[in-house]
Amino acid sequence: MNENLKKNWSNYFQIYVFGLIFFGVFFLYSKHNVGNDSSLSDWLINYEGGFVRRGLIGELIANFSTILSLKLRDSILIFQLFFFSCYYFLIVVFCKNLLKNRLIILAIFSPIFVLYPVAEIEALGRKELIIFTIFLSYLFFDIKNFKVQIIYKLILFPICILTWEPVIFFFSFIILIDLLVFQVKNFDKKFFCILLSYFISIFLVIQIYLYPFTVENYNVMRNFLKIEFGEACYMSCGFVGQQTANSFSELYKMFLEKFKFTHALRYLIIILVGFFPLYLLSTYSKVNSKKKLLITSKFKNLFFPFLLAFLPSTVLYLIMYDWARVVHISYTFSLLTFLYLLKKNFIVLTNQKIQINYISTVSKRFFILIFIIFSFSWNPKVVMPDDVASKPVYAIPYKFYKLFIKNL
């Protein structure tokens, strides 16, 4: 791909993302006062009744509201808008000049990446915005720098756990980056030091599930929200009051009651199609090092390392109802990890295989057709039983129009 074409695709992507920011900001504002919005319920959890999972951000927001005399929902909106805008802006900066070939273009424009939260308003404004922002900011720094490691491994990554503890299942992607950045050759002292650096995050997850929130503490938190802010503790917020030491088994039982084979088949297809360009890129990639590293000694390309990094997240399909959210988070970690390693030359693409790939050899017009169908004709819905949505490129502006007219 020549330089002018790369520049054009980069410009297209910037316009695309800034368009999503515009719609996303409007949708967040439109729904922040909806009483049963599921994406907002998680932000209500706080430490008023004691330490509880996912309570850190809610505690900050509650104090922020009290100090500035703001409505709690307005404060949540401010935090959502801040992290949403920061994350999407960082995406534009991070992906600049990375649209080098057609496979990367398709991978970046996949509908399970930045399009998904805006296309599915119920998924917009979730706490993973904070996690994505922290992870992406980590990729902008010199990871080998000791201070960076201290700040992220001992402070910011544990904050991710206190924000949304299932993120621990995606830390495998960060470990994959560590293995390549620090040139780990085998299961030696360096390897175990890397694992040890995640001790605080792992410890917090263990504490969260060994010592669940008691009903008495939950009632304190619920009453605080009602008395101070006039807010009901519902959905995710309400669930912390039902949490026990057997939470995983309880969630699994709930999953079995709603599960059908057709749901699994549908999401298998969603993953295969949505990940397909990235899958091809991983098979056409290899580690850029003459040293015999742990990864290069076991695998010829990047497909299996990425598959191994992906596998821990499959646990979440057994305990979560909003499967599309898991797909979106998995893909975001996968793609950002791959692009970072490519950007910093830790991995290289086998250009010969790229050039003879079917997608690379088709005519420009046919590729545009493939691009439009793949990127803009579908997206997963939010929860497990829902069918696949169609035409997000039309549905997003139409939702905007309906909400705009409604709010006039």
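Is K381 buried, partly exposed or exposed? Select K381: it is partly exposed, with a relative accessible area of 29%. Buried means under 20% relative accessible area, exposed over 50%, and partly exposed in between (1.4 Å probe, protein chains only).

Before moving on, note the ground rules. This is a predicted model, in which local features need pLDDT of at least 70 and side-chain atom pairs count only at pLDDT 80 or more, while totals for chains, interfaces and linings use all residues. Residues are numbered from 1 along each chain as its sequence is written, and side-chain values use heavy atoms, with hydrogens and water left out.

**Stop 1: E120 and K381**

E120 and K381 form a salt bridge, with their closest N and O atoms 3.7 Å apart. E120 sits in the loop between α6 (115-119) and α7 (128-140), and K381 in the loop between β3 (378-379) and β4 (389-390), so the pair ties together parts 261 residues apart in sequence. E120 is buried, at 6% relative accessible area. A salt bridge here is a side-chain nitrogen of Lys or Arg within 4 Å of a carboxyl oxygen of Asp or Glu. By this rule there are 10 salt bridges. Helices (H or I, at least four residues) and strands (E, at least two) are DSSP runs, numbered from the N terminus.

**Stop 2: K153 and D178**

Select K153 and D178. Their side chains meet in a salt bridge at 3.1 Å, N to O. K153 is in helix α8 (residues 146-163) and D178 in helix α9 (residues 171-181), a link between distant parts of the chain, 25 residues apart. Both K153 and D178 are buried.

**Stop 3**

Go to D322. Its salt bridge partner is R325, with the closest N and O atoms 3.3 Å apart. D322 is buried at 12% relative accessible area. R325 is buried too, at 5%. Now select D42, R53, R54 and E165: salt bridges that share partners join them into one network.

**Stop 4: two backbone positions**

Keep R54. R54 lies in the loop between α2 (38-41) and α3 (56-68). R54 is not a glycine, yet its phi is positive, about 65°. R54 counts as buried, at 12% relative accessibility. Then jump to N345, in the loop between α18 (323-343) and β2 (347-349). N345 also has a positive phi of about 65° without being a glycine.

**Stop 5: a positive patch**

Finish with K144, K185, K190 and K291, which form a positive surface patch. Patch residues have over 30% relative accessible area and no salt bridge; like charges are joined within 9 Å, and nonpolar side chains (Val, Leu, Ile, Met, Phe, Trp, Tyr) within 5 Å. Zoom in on K190, in helix α10 (residues 189-196). K190 is partly exposed, at 39% relative accessibility.

How values were computed: Areas by Shrake-Rupley, 256 points an atom, 1.4 Å probe, with all protein chains shown as cover. Lys, Arg positive; Asp, Glu negative; His and termini not counted. Charge placed at Lys NZ, Arg CZ, Asp CG, Glu CD.
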